[in-house]
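A short report with one table will do.

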Amino acid sequence: MENYTIYAPPYTVGPEAYGKISEYTRLYGTRAVVIGGTRAMAAAKEKLIRAAAGTDLEIIDFILFGRECTFETAGKLATLPAVREADMIFAVGGGKAIDTCKLVSMELKKPYFAFPTIASNCAAASSLSIVYHEDGSFCDFVHFLDSARHVFIDTQIIAEAPREYLWAGIGDTYAKYYEVSISARDEDLSHYIALGVNMSRMCMETLIRHGEQALKDNINKQPSCDLEQAALAIIITTGWVSMLVARDHSMDYNGGVAHAFFYGLCNLPGFDENHLHGVVVGFGVLLLLMMDGREEECRKLMEFNKKVGLPVRLSDIDVTLDQVASCAEGMTKDEDLDHYPYRVTAQMIIDAAAKLDY
Ligand SMILES: [Zn+2]
C-alpha cells in the first residue's frame, strides 16, 4: 500500500472574517503581498489594512494582477521585489486573480491565502489553475497545485458583488453533484473519493434550498444566512469535492456531460464571449439528466432554474439544435468525459438536446 496525504483548506466565513487573518498567517511569517483584480482590490483593500492594523502582520504592497491568468502574467509577478520579499501571498479576487497567484506561489514556493470577493466558482479552495492566453483564449489546465493555507470569505464583500456572479456560480456548482456522482457510479471507491462523492450532494441540495433567497439578498447587499450557505456551497464544498475526487489524471471524477457540452459550444463563434460558463453548464445538467434517462429529476431541476432565471430550453442559451449537432462530435472527445460510466456518442447528445428544444 502507498502512503498519501489528503488536504482540504480550512476557511473562515462571516461579514468580518478578515478579523481572523493574523491568527492563521502567523505560522508562515509576517510579511504579506496582496495580489488581486481591480474590482476585488477596491472591495477588499480597506478591510485588509484594518485587519492587519495592531497585529504583527505587515502588508508590504497591493499589486493589480492584470486581466487574464496567463503564464506570462504569473512569471512577471514572480519577479517583482515585493512579491519576492513577502513571506506569503494574499490572493484576492474571483477566479482569475486567485488562479494566477497559485502559479506565482508554485514558482516562488511561497504559501498563499485566498480571499474570494465573489461567490462564482471554487478557485479559492481548489488546487486547479485555469490558464488563458493573453488574447483571452483558453491555454491550459494546471492540476494538483498547492491549495490555499486558509480561505477567508467576507460575506459582506460577497453580498456587494454583482448578482450575475452568484447566478452563474449556482449553475456550475449544482453541476458538480450530477457530474461527480455519475462519474463514480457503481464503483468501489477509496475513502477520500467516497467522501468527495457524498459531499457533492451538498453542492446541489444547499443551492436548491438557499439559492433563490441568496440571489435576492445579493441584490439587497445583505450578508444573510442564505447567502452564506450559497457562498460556502460554491466556494468551499465544491473546492473540497474537486480536490477529494481527483488525485491524479488517471483517477479524476470531476467533469462530465454538462462541462463537455459547454466547451463544445465554445467552438461556435462568439459563444464563449457572450455566455457565462456557469449558466451554460447549469443548462448542460438538464441535458445530462435527459441523456441519463432521468426526466423526472430533470423536470424538478427545471422548476428550480425557472425560479432563479437559469436556462430551461435550448433557445435560452441562444443555440439551435443544428448548432448543437455541429459541435456534438467534439463534445464526445472532451476530457471531461474521460472517466464516465458509459460512452457518450454524438447521437446521444443530439437526442437529449432535442428534448430541450421546445
Ligand atoms: Zn465549471
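Is the crossing of α14 and α15 right-handed or left-handed? The crossing of α14 and α15 is right-handed. A crossing is called left-handed if the near helix is turned anticlockwise from the far one by less than a right angle, and right-handed if clockwise.

This is a predicted model, in which local features need pLDDT of at least 70 and side-chain atom pairs count only at pLDDT 80 or more, while totals for chains, interfaces and linings use all residues. Residues are numbered from 1 along each chain as its sequence is written.

**Overall form**

The secondary structure of the protein comes to 15 helices and 10 strands. Helices (H or I, at least four residues) and strands (E, at least two) are DSSP runs, numbered from the N terminus. Taken along the principal axes, the C-alpha atoms fill a box of roughly 60 × 50 × 40 Å. A compact globule of 358 residues would have a radius of gyration near 21 Å, and the 20 Å of the protein agrees with this. The radius is taken over C-alpha atoms, and the globule rule is 2.2 Å times the number of residues to the power 0.38.

**Domains**

The domain assignment, which is automatic or from a database, gives domain 1 (11-159) and domain 2 (163-355). Their C-alpha centres lie 26 Å apart. Contact, defined as C-beta atoms, placed from the backbone, within 7 Å, joins 23 residues of domain 1 to 25 residues of domain 2. On the domain 1 side, β1 (11-14), β8 (151-154) and α6 (155-159) are the elements that give two or more residues. The largest share of that side, 4 residues, comes from α6. By class, the domain 1 side has 14 nonpolar, 9 polar and no charged residues. Here Ala, Val, Leu, Ile, Met, Phe, Trp, Tyr, Cys and Pro count as nonpolar, Asp, Glu, Lys and Arg as charged, and the others, Gly among them, as polar.

**Helix pairs**

Axes are lines fitted to C-alpha atoms, for helices over the stretch in contact, and angles run from 0 to 180 degrees between N-to-C directions.

| Helix pair | Axis angle | Axis separation |
|---|---|---|
| α7 (residues 163-183) and α8 (residues 191-219) | roughly 160 degrees | within 8 Å |
| α14 (residues 321-332) and α15 (residues 346-355) | about 145 degrees | 8 Å |
| α10 (residues 257-265) and α14 | roughly 125 degrees | within 8 Å |

Angles under 35 degrees count as roughly parallel, over 145 as roughly antiparallel, 65 to 115 as roughly perpendicular and the rest as oblique. α7 and α8 are therefore roughly antiparallel to each other, and α7 passes α8 in a left-handed crossing. Residues of α7 including W167, Y174 and Y177 meet a set in α8 that includes M204, L207 and L215. This contact has 13 nonpolar, 6 polar and 3 charged residues.

In the pair α14 and α15, L321, V324, A325, A328, E329, M331 and T332 of α14 meet A346, I349, I350, A353 and A354 of α15. The contact of α14 with α15 has 10 nonpolar, 1 polar and 1 charged residues.

α10 and α14 are oblique to each other, and α10 passes α14 in a right-handed crossing. A260, F261, G264 and L265 of α10 make the contact with C327, G330 and M331 of α14. The residues of the contact of α10 with α14 divide into 5 nonpolar, 2 polar and no charged.

Terms used
Two residues are in contact if their C-beta atoms, placed from the backbone, lie within 7 Å.
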